[in-house]
Amino acid sequence: MKADNPYLAPVPTKDGQVVGYVHSLETFGAVDGPGIRFVAFMQGCNMRCKFCHNPDTWKTRVGLKMTSDELLEKALPYRAFWGEDGGITLSGGEILLQPEFALELFKKCKAQGISTCLDTCGQPFTRREPWFSLFNELLEVTDILLVDIKHIDSDEHKRLTGYPNENILDLCEYLSELGKPVWIRHVLIPGLTDNDKYLQQLGEYIKTLKNVEKVEVLPYHTMGVHKYKEMGIRYRLEGVEPPTAERVENAEKLLHVADYQGYLTWHPGINTKQQKL
Ligand code: SF4
């Protein structure tokens, strides 16, 4: 149905501003980009990752409706805690399903000297217009991106998330060409992504990118499982346990995590290419 398709439905506005659909806000995010950050988790995601601990963010066009001014009003009281590297992160759900809102908010952030970070899984990325131009505009006002690569093998990616990964890898390569700083994140799930062959392949792939400031292995956890029960959705990873410390260490080795130390010296406003010259 046309109205249900976020690509076709018109972008809602209020007081001449784009309306964003927000799932929740976090005032002191310490793991969502550099420094301490105010994080807006946006509503809506097309993927259906088997391990997703936020199925309540999946639905589009529901949740708290906010304009960029309203979101800034919520965030600014915490500005004193952000320091030089912290700022505002837009996460999800999938933020790139609401690029118009992100652009408007980040333009205002930049006008006020606030650091901006996008936390994305990359699924909406396309070089097709008009999306691509909008995304490029958004990149102009984005300091850094956190990009999740769920699986390096496209078929496995599809089994895990419902979508192939070609356009997500294309996003990684595009950001590398631009020298846009990224942190790459990978969820380690026993029996699904904890596989030496694929981890090695992913490690080699990340090595080809020139803009990676940090690589993180995120151990699978079961903290969101209760939400599936509440929502009446079957949880497909029933019985899967978090990985052991040894397997996490093994994944960190295969992804060469220790080689990516750029995040220790990176500051907002620096492109990776400039920094490395
Ligand atoms: S991309 Fe993120 S929000 Fe979407 S289903 Fe996967 S884990 Fe959940």
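**Overall fold**

Modeller: The chain comes to nine helices and nine strands, where helices (H or I, at least four residues) and strands (E, at least two) are DSSP runs numbered from the N terminus. The radius of gyration is 18 Å, close to the 19 Å that the globule rule gives for 277 residues, so the chain is as compact as a globular protein of that length. The radius is taken over C-alpha atoms, and the rule is 2.2 Å times the number of residues to the power 0.38. Residues are numbered from 1 along each chain as its sequence is written. This is a predicted model, in which local features need pLDDT of at least 70, side-chain atom pairs count only at pLDDT 80 or more, and totals for chains, interfaces and linings use all residues.

Biologist: What percentage of the 277 residues of the chain count as buried?

Modeller: A residue is buried if 20 or more other C-beta atoms, placed from the backbone, lie within 10 Å of its own, exposed if 12 or fewer, and partly exposed in between. Of the 277 residues, 41% count as buried. L105 lies in helix α2 (residues 99-111).

Biologist: With which residues is L105 in contact, leaving aside its neighbours within four places in sequence?

Modeller: Two residues are in contact if their C-beta atoms, placed from the backbone, lie within 7 Å. By that criterion, and with those neighbours left aside, L105 is in contact with S68 and L71. For the chain, among contacts between residues at least 6 apart in sequence, 80% join residues at least 24 apart.

Biologist: How many bridges join β8 to strand β9?

Modeller: Two strands pair if DSSP finds at least two bridges between them. Seven bridges join β8 to β9 (residues 212-219), and these two strands run parallel; W183 stands opposite K214 in β9. Strand β7 (residues 144-148) also pairs with β8 in the parallel sense, over four bridges, and L145 stands opposite V182 in β8. Strand β8 (residues 182-188) is mostly covered, with six of its seven residues buried.

Biologist: Which residues have a positive phi although they are not glycine, and where are cis peptide bonds found?

Modeller: Most residues other than glycine have a negative phi, and most peptide bonds are trans. R61 has a positive phi of about 55° and lies in the loop between β3 (37-42) and β4 (64-67). R61 counts as partly exposed because it has 16 C-beta neighbours inside 10 Å. H256 also has a positive phi, near 55°, and is found in the loop between α8 (245-254) and α9 (272-276). A cis peptide bond joins G92 and G93, with omega about 15°; G93 is in the loop between β5 (87-91) and α2. The bond from E129 to P130 is also cis, with omega near 5°.

Biologist: Which residues are around the ligand?

Modeller: A residue is near a molecule if its C-beta atom, placed from the backbone, lies within 6 Å of it. The residues around the ligand include C45, C49, C52, G92, G93 and E94. The shell divides into five nonpolar, five polar and two charged residues. Here Ala, Val, Leu, Ile, Met, Phe, Trp, Tyr, Cys and Pro count as nonpolar, Asp, Glu, Lys and Arg as charged, and the others, Gly among them, as polar.
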